[in-house]
Amino acid sequence: MVISDVTALLEQLAPLSYQELYDNSGLLVGDASMPLKGILATLDVTPDVVEEAHRKGLNLIVSHHPLIFSGLKKIVGKTYVEKAVILAIKYDIAIYAAHTNLDSIKGGVNSKIGELLGLNNLKFLCPIEGELVKVVAFVPISDAEKVRKAMFDAGAGSIGNYDYCSFNTEGKGTFRANEEANPFAGKAGEIHVEPETRIEVIVQKAKLSKVIREMISSHPYEEVAYDVYPLLNSYSEVGAGMVGELSDPISEMDFLKMVKKVFNLQSIRCTPLIGNEIKKIAFCGGSGAFLIKQAIAVEADIYITGDVKYHQFFDAENKIIIADIGHFESEQFTVDIFYEYLLKNFPKFAVLKSEIKTNPINYI
Ligand SMILES: [Zn+2]
């Protein structure tokens, strides 16, 4: 077992293609072919966390926040980032981050928060766009079932809680093979008309190459005719922030007390209470002020996030309660996602949660 076996599995959970453009998730330090000794899961990487991994004999740190975020021009040990990088290289420890790609998946940062708050009907507040394409394949009627199945098995045709979704129309395909060709039907130099099925399926971009590969290899034609169209549909399985509902509405104060207890908070910074009961809750772990408008648009009673600036609180305008519970506090349980997933998949290796408190903010 080597480091890249672990990172490949983490990327099955949270594909790197889901990270935001500004992000820097992935393997940041270390040799991917190094044999694995053990894994330390953490929210942040600091020099103390690298020392902890070394002390415990672990050589892979898996963190939520990328240690190297905006690039490094020097590594001379002047900042905590440079110090941590130097220590990791010195001890032969690899550092891997799954950041906004982990935020945006089901079972990721926000699913965890929804689970902790006991919410039902969890949906993404801002589903990802540009992630879906339509694949249309033209197949002889006699082979349509086989090709359709190959595409489904490769991951095509999944919509929400349904799979095996396709639309099929029958028509006539025409072609003329030249002397070099080895046609499925017809003769070289003659125009052939073949009864064909036009198979239409929706495909996630991350699965497109596999779907095309399987479609072509199961197709009887020498030259396969197919189209790939970009779609403007949003993809409800991946996105930013989430919204969910309590089974029974409770008072604003009771809900805030529950949030304080669940997240071990000393205080919550929030806009004035409105006097409505809380039923629908929008939330985004980390810095989520960019989703305040979406939280209002879905008519959530409260929006829970971190890093809200003074002027952003004014956007509540008595339509919603904006509650800032702290960046670290909202994401503190993210470590459990790594821990549980890695422990399940690598039972023969040491997988530990960091014991270092990395939150740089204190409440005095
Ligand atoms: Zn964060």
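Here is a working chat about the predicted model shown above.

Biologist: What kind of model is this, and how are residues numbered?
Modeller: It is a predicted model, in which local features need pLDDT of at least 70 and side-chain atom pairs count only at pLDDT 80 or more, while totals for chains, interfaces and linings use all residues. Residues are numbered from 1 along each chain as its sequence is written, and side-chain values use heavy atoms, with hydrogens and water left out.

Biologist: How many helices and strands does the chain have?
Modeller: The chain has 12 helices and 15 strands. These are DSSP runs numbered from the N terminus, helices being H or I of at least four residues and strands E of at least two.

Biologist: What does the C-alpha trace span, and what share of the residues is buried?
Modeller: The C-alpha trace spans about 85 × 55 × 40 Å along its principal axes. Of the 364 residues, 48% count as buried. Buried means under 20% relative accessible area, exposed means over 50%, and partly exposed is in between, with a 1.4 Å probe and protein chains only.

Biologist: And the contacts along the chain, what share join residues at least 24 apart?
Modeller: The share is 71%, among contacts between residues at least 6 apart in sequence. Contact means heavy atoms within 4.5 Å.

Biologist: Zinc next. Which residues are its protein donors?
Modeller: His65 (NE2), His327 (NE2) and Glu331 (OE) are the protein donors, lying 2.0 to 2.1 Å from the zinc ion. Donors are N, O and S atoms within 2.8 Å of the metal (3.2 Å for Na, K and Ca), and water is not among the atoms, so sites may look incomplete.

Biologist: What spacing do the donors follow?
Modeller: Along the chain the spacing is H-x261-H-x3-E. Histidine 65 is in the loop between β3 (60–63) and α3 (80–91), and glutamate 331 is in helix α11 (residues 327–331), so this pair, 266 residues apart, links distant parts of the chain.

Biologist: Are histidine 65 and glutamate 331 buried or exposed?
Modeller: Both histidine 65 and glutamate 331 are buried.

Biologist: Switching to helices. At what angle do α1 and α12 pack?
Modeller: Helix α1 (residues 3–13) and helix α12 (residues 334–345) pack at about 120°, with axes 11 Å apart. Axes are lines fitted to C-alpha atoms, for helices over the stretch in contact, and angles run from 0 to 180 degrees between N-to-C directions. The two helices are therefore oblique to each other. Angles under 35 degrees count as roughly parallel, over 145 as roughly antiparallel, 65 to 115 as roughly perpendicular and the rest as oblique.

Biologist: Which residues make that contact?
Modeller: From α1 they are Val6, Leu9, Leu10, Gln12 and Leu13, and from α12 they are Ile337, Phe338, Tyr341, Leu342 and Asn345. By class, this contact of α1 with α12 has eight nonpolar, two polar and no charged residues. Ala, Val, Leu, Ile, Met, Phe, Trp, Tyr, Cys and Pro count as nonpolar, Asp, Glu, Lys and Arg as charged, and the others, Gly among them, as polar.

Biologist: What about α6, which of its residues are buried?
Modeller: In helix α6 (residues 144–153), Ala144, Val147, Arg148, Ala150, Met151 and Phe152 are buried. The buried residues of α6 pack against β6 (132–140), β7 (167–176), β8 (191–204) and α7 (208–218).

Biologist: How do α6 and α7 pack?
Modeller: Their angle is about 155° and their axes are 8 Å apart. That makes α6 roughly antiparallel to α7. Lys146, Val147, Ala150 and Met151 in α6 meet Val211, Glu214, Met215 and Ser218 in α7. By class, the contact of α6 with α7 has five nonpolar, one polar and two charged residues.

Biologist: What follows α6?
Modeller: Glycine 155 does, with a positive phi near 110°.

Biologist: Which residue other than glycine has a positive phi?
Modeller: Aspartate 92 is one of them, with phi near 60°, and aspartate 92 lies in the loop between α3 and β4 (94–97). Glutamate 299 has a positive phi of about 60° although it is not a glycine. Most residues other than glycine have a negative phi.

Biologist: Last one. Where is alanine 282, and what does it touch?
Modeller: Alanine 282 is in strand β12 (residues 278–287) and is buried, with a relative accessible area of 0%. Not counting residues up to four places away in sequence, alanine 282 touches Leu125, Met242, Val243, Ala295, Ala300, Ile302, Tyr303 and Ile304.
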